[in-house]
Amino acid sequence: MQYLSTRDKNLRKSAAQAITMGLSRDGGLFTPVSFPSISALEVEILCGMPYRKRAAYIMGKYLEQFRPEELNLFTKIAYGPDKFDHPEVAPLHQMDKRTWCLELWHGPTSAFKDMALQILPQLLSASLRMTGEKKTACVLVATSGDTGKAAMEGFADVEQTKILVFYPENGVSEVQKLQMATQEGGNVGVCAVKGNFDDAQNGVKAIFSDEQLREELAGRGYFLSSANSINWGRILPQVVYYISAYCDLLNAHEIKLGEPVNYCVPTGNFGNILACYYAKRMGLPVGRLICASNCNDVLTAFIRTGVYDRNRPFHTTMSPSMDILISSNLERLLFDLSGGDDELVRTYMAQLDQTGRYEIMPEMKKRLQEVFYGGFCSEEETSASIKMLHEYDYLIDPHTAVAAKVLTDYRKETGDKTPAVFVSTASPYKFCGSVLDAIGVPPVAGSLERISQMQDVTGVAAPARLAALKGKAPRFTAVIERENMVANVQAFLG
Ligand SMILES: *Cc1c(COP(=O)(O)O)cnc(C)c1O
């Protein structure tokens, strides 16, 4: 399989090159030239496999360069019992007769980012070997909270890599901050940036397009790489769990082979839901894709009107991983919806850059609305959603709560009775303050004390690694101005 840039479809790279580079030099995102299909027979075969085998099989369709034994080894390591605290890796929790919750937070950092970031370092290492790259990969990450920790956990002490994480000073939860500040490993660095997530992300993007810095670093034996969801190696492992969840529903006799299932995904950078779209493009019987946002509702407006307009107030919410006004991966969707029109994508991205706004063509909008539904959820509704599901004996985090609420809205508005899966992207224990508030228990002081408090109140066990944060001393405490991010990279690489 070859990969092209969304901004220049004549630029072709192998999977190994695409994963090594992260972002194309022209600013575009690497996208497969076509979508391999997954037949009904293959879905039946996958039904008989454990998660790690399903993952190796599905990823193999996009990574012919990699040997099957190699992929099987990678997935065995990435999704093994020492990493994931659930034998099914990504289990479904049944809510009612036609609703399930897909739990993607059983990995080492208790957020769905682990699903991809446990395997990305191995894909990158193998890609470095295949491309004969001798320089050390300096992985730069802008994070709204979960990516940074999950990436460091995946890359810690991986040979020929260094990883530096930037997060918005006031844009992540206390537990997220602590998780990052206490990260172990000789090749990791963490830095808070003044501003919001978009500031941090734009800072990293600017570093990637800084030719002078690139040359300077090359001279010192480094090249820049990305673990953000712009990297194909992040998107691909996420395609797996949508197919895997479908298999699990078949195995449980909840659906018949070929019957459509809707997926509702709490969305920020548009990576997770894009992976679901790609699963649908492969032929998985996915009905509607429901894109759930918090009160940063730029995607809802886009899906409903065809106008993307980031000129709106930025809200800091209790679901910080969705506090995003520029959803990078939307570019890949635009490319596909336009039938691979790289020139059009370039135009839209230039407009976004210059005016913060673009409007897609009517045919694209029609296709968009056939597949996607967009909805958003206020802070009060997010709390109410947590409270309601808690009354049904199921504890969820604010991101998941947004998805649950938007799915309910979707069903009310459309009357669609298709079986549906909403995606749970973080353990409720990553956001104890908001969850306790929502269920009517005044949180005690101290984010770690709240973990014990929530355990006592709800009787739901906290993930062991979060509970173990107690007593760990922070290693990283720096806070910098956005203008100093380049200097920070230089200093980090010594
Ligand atoms: C990253 C993240 C999201 C958003 O996912 P995208 O792929 O960026 O759309 C949602 N919830 C949680 C908990 C996350 O960490």
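Modeller: A salt bridge here is a side-chain nitrogen of Lys or Arg within 4 Å of a carboxyl oxygen of Asp or Glu. The model is predicted, so local features need pLDDT of at least 70 and side-chain atom pairs count only at pLDDT 80 or more, while totals for chains, interfaces and linings use all residues. Residues are numbered from 1 along each chain as its sequence is written, and side-chain values use heavy atoms, with hydrogens and water left out.

Colleague: How many salt bridges does the count come to by this rule?

Modeller: Among them is the pair Glu-481 and Lys-194, whose closest N and O atoms are 3.3 Å apart. Salt bridges that share partners also join Lys-149, Glu-153 and Arg-465 into one network. By the rule above, the count comes to 19.

Colleague: Are Glu-42 and Lys-61 buried or exposed?

Modeller: Their side chains meet in a salt bridge of 2.7 Å, N to O. Glu-42 lies in helix α2 (residues 40-47) and Lys-61 in the loop between α3 and α4 (68-78), so the pair ties together parts that are 19 residues apart in sequence. With buried meaning under 20% relative accessible area, exposed over 50% and partly exposed in between (1.4 Å probe, protein chains only), both Glu-42 and Lys-61 are buried.

Colleague: How many residues apart in sequence are the parts that Glu-481 and Lys-194 tie together?

Modeller: Glu-481 is partly exposed, with a relative accessible area of 35%, and Lys-194 is partly exposed as well, at 40%. Glu-481 lies in the loop between β16 (479-480) and α22 (485-492), and Lys-194 in the loop between β8 (188-193) and α9 (197-208), so the parts are apart in sequence by 287 residues.

Definitions and conventions. Helix = DSSP H or I, 4+ residues; strand = E, 2+ residues; numbered from the N terminus.
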